[in-house]
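Please look over the sequence and the model below before reading on.

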Amino acid sequence: MSPTVRAADVAVGTELPEQTYPVTRADLVRYAGASGDFNPIHWNERVATEVGLPGVIAHGMLTMALAARAVTAWACDPGALVEYHVRFGRPVVVPDDGTGAQVTVRGKVGALGEDGRARVDLTVTSGGEKVLSLARATVQLA
Amino acid sequence: MALDPALVGRGYPPSAVYEVGRQKIAEFADAIGAPDAVHRDADAARAAGYPDVIAPPTFAIALTLSAAGVVVEDPDVALDYSRVVHGEQRFTHHRPIRAGDRLVATPTIEAVRSVGGNDLLTTRVDVATEDGEPVCSATSMLVARGTA
């Protein structure tokens, strides 16, 4: 069994460990296949620029998935996330330069319920810009 | 053309059954880089209190986005998909999706709005087992740019 974060050890303001996840073009192709979202703006530079984007962008749902990883890694249980809401503010542009983009996730406990549920308010950035204009996850703590 | 507010509340029939496989869960976990054993190893999942391997929290999108596609393709909605971007997403989980689940996804139009020349369409897709046990709800707000 993994260690778990207990509600008793958490307070409003508790910060989650900061996480940074790399995102490459290969990751976008893999995510397209796994999720079934084959929108060409996530793998085809020509189509992405034709529709006015700066280049190929990550699936918003991939960014959302990465931000959830930061929360469930902290809670030590991927099944603990009960409510999760994000607003996509700005695309994560993934250059074809062998390095790609980086998504950084910071989180802080914003509310704590008597039922052991913690609301985590997330700040998700790429290239120094906020990419999710709202991101809140509620986890059921042990 | 702006979306008709009378569309709010429109429901659609449940999808065909989606059978959740262990390999699909592992593939999705690999694609998001989720390292946890509970996504890949049934024994580890059982040790953590789950009946079988569980899916990452955003896995439901693999079913719910195509279910919401039925709404986008409704002739009364008919959003130009090439102009659509994902504005907002919400999941409410009653329990984790797990291998062996036989799920049906049922879409409803929750809201329509026109803002600044864009059409905003909010769909909610309720996911349940074919026996009717609620598993999760996924609410997606799609923005069709310049269509209103």
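## The largest pocket

In this predicted model, the largest pocket has a lining of 36 residues, and those that lie nearest its centre are Ile41(A), His42(A), Val84(B), Val85(B) and His86(B). The volume of the largest pocket comes to about 840 Å³.

Several elements contribute to the lining of the largest pocket, with at least two residues supplied by each of α1 (25-35) and α3 (60-75) of chain A and by each of α3 (61-72) and β2 (84-93) of chain B. The largest share of this lining, four residues, is that of α3(B). Sorted by class, the lining of the largest pocket consists of 22 nonpolar, 11 polar and three charged residues.

## Where the chains meet

Chain B brings 31 residues to the contact, and chain A brings 28 residues. The size of an interface is often given as the accessible area lost when the parts come together. Between chain B and chain A, the buried area is about 2500 Å², with 58% of it given by carbon and sulfur atoms.

Two salt bridges are counted between chain B and chain A. A salt bridge joins the side chains of Arg87(A) and Glu88(B), with a distance of 3.2 Å from N to O.

## An annotated span in chain B

An unreviewed UniProt entry lists residues 7-137 of chain B under "domain: FAS1-like dehydratase".

Key: Residues numbered from 1 in each chain as written. Chains lettered and ligands numbered in written order. Predicted model: local features only at pLDDT ≥ 70, side-chain atom pairs only at ≥ 80, totals over all residues. Heavy atoms only, no water. UniProt positions renumbered as here; feature names shortened; annotations may be inferred. 1 Å grid on protein atoms, 1.4 Å probe; cavity = no way out; pocket = protein on both sides within 12 Å on 5 of 7 lines; lining within 4 Å. Points joined across faces, edges and corners; volume = space filled by probe spheres on them. Nonpolar A, V, L, I, M, F, W, Y, C, P; charged D, E, K, R; others polar. Contact = heavy atoms within 4.5 Å. Buried area = accessible area lost by both parts, 1.4 Å probe. Salt bridge = Lys/Arg side-chain N within 4 Å of Asp/Glu carboxyl O.
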